[in-house]
Each structure stands twice: as structure tokens, then as C-alpha cells.
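This report covers the packing and the pocket lining of one protein model. Please look at the sequence and structure below before reading on.

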Amino acid sequence: MSRAHMIYEDKPLQQEAVRSTKWLGAWDHPSMQKGSGVLLEGIFRKKVTHSIQDSQGKKYRYAVFHVEYKHACQRKYDSQGKEVEPNFGQIGMVRTGYLHSSYKSEMKGTPDVLSFQELCQRLHVPGLTELVQPSHAQTLCFWGEEQAYVHVELQFGQTVRLKTLGDSPFIESLTKLDSDQKQHSANYTGGEKTGRSWTDRVMEVK
């Protein structure tokens, strides 16, 4: 495989037919969004369009993003319901004596990190999760209303961060990392300007 082909992967350009599913009963995705939700950092692998038609004849179209797991944690809120920064398993230095050099590494609090298996269990929605087969190993499928993501352009292998609506595969916000892996380009659900850090964005309560 040439170096040019490795850099300019053409998989995102391959168009797939819209996938359709007839849903038994009324389609009520808000009822599937129980729980605090998760924050995920992963690798974009694929995007497809999926159409849902419920028993009442109503149709709903979604953009389904296949994202390979890298890191994830549960979202946390304070007593007022404001989202607070979760514990990603940070390591701090704790003084063990009077000398300035007497320190040891110690975990700060209880980490909120979720393993891939824990993430799958938390986001599983019976009847919905089984509709789309993940394209790669350790990959999950996340659903966003098609109208909100119709202009989203992601490159195969690009790192993204997203947060979910409750403990479900439905997307609340999706952000891609810039090449320096420190800042991000537009928040797709908000159309914000570039240059703001992901931490600033995920801490905002919509």
C-alpha cells in the first residue's frame, strides 16, 4: 500500500444505501435516554444513514457513526444539576515528608473511567443496539438526527470526542480533534468557532 493511499484513505467517500427498519410500536427515543450519559474519545470508522419507520407510519432518519473506543467515562453532575469534570484517573503527587523531594504518586479520588465492556453494557438499548453491526473491533455505533449531521465531514481514522444523551447511543454533541490533538474544530451540533478546548465545551450544560 502506498504512503499516499495510507494518508488519503477513501473509505469515508464510499456511499452506502440508506438502511431501513420497521420499529414495532411508537418510536420514542427520549424514553431510551435514562442515566447520566457518557463522554467518549474514539476513532471515527464509518458513517451510515438509517431510517426508522414506526407502527404509526412515522419516519425518522439518523446518521449513525461507528466510533472505535479509546477512552470513556461517565458524566457527572453536582447537586444543582450542573455538569462537572469527571475523574479520568488523574495521578497527583502527595508529600510524604518534610523534604521537598519526598513525594509519591497517588490516584486522585475514584476514577470514573469505563472499560469497553462497561460502556457497551451502559449504552445497550434492547432492539436498537442490534440494528447496526459495528464495522470494526471495539467499536460502538452512535445515533444522531440526520438533519443535525448532514454536513459533518470526518476522515477515516480521525479522533473524535462525543457525549451521549443519557446512557444511550444517541448523540448530544460530537467534536473532532485538530491535528495537534489539543484543540478541536467546530462542534457539529452547535456550529461554534474553532479554537475552544474540548474541556470548555463538554462542561457547558445545554
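## The second largest pocket

β8 supplies the largest share of the lining of the second largest pocket, with four residues. The model is a predicted one. Both α2 and β8 give at least two residues to this lining.

The second largest pocket holds about 230 Å³ of space. Its lining has 13 residues, and the closest to the pocket centre are T129, V132, P134, L140 and C141. By type, the lining of this pocket splits into eight nonpolar residues, four polar and one charged.

## The largest nonpolar core

In soluble globular proteins, nonpolar side chains tend to be buried together. Here, the largest nonpolar core counts 21 residues. L40, F65, L119, F142 and L174 have the most contacts inside this core. Six elements each supply at least two of its residues: β2 (38-53), β3 (59-74), α2 (116-123), β8 (139-145), β9 (159-164) and β10 (171-177). β3 gives the most to this core, with five residues.

## Contacts of L40

Which residues does L40 touch, leaving aside those up to four places away in sequence? The partners of L40 are V67, Y69, H71, A72, L119, F142, V160, R161 and L162. Two of these partners, L119 and F142, are also listed with the most contacts inside the largest core.

## A separate core

Another core lies apart from the largest one. This other core has 13 residues, including I52, Y62, L128 and V132.

Definitions and conventions
Residues numbered from 1 in each chain as written. Predicted model: local features only at pLDDT ≥ 70, side-chain atom pairs only at ≥ 80, totals over all residues. Heavy atoms only, no water. Core = buried A, V, L, I, M, F, W, Y, C linked by side-chain atoms within 4.5 Å. Buried < 20%, exposed > 50% of the residue type's maximum accessible area, 1.4 Å probe, protein only. Contact = heavy atoms within 4.5 Å. 1 Å grid on protein atoms, 1.4 Å probe; cavity = no way out; pocket = protein on both sides within 12 Å on 5 of 7 lines; lining within 4 Å. Points joined across faces, edges and corners; volume = space filled by probe spheres on them. Nonpolar A, V, L, I, M, F, W, Y, C, P; charged D, E, K, R; others polar.
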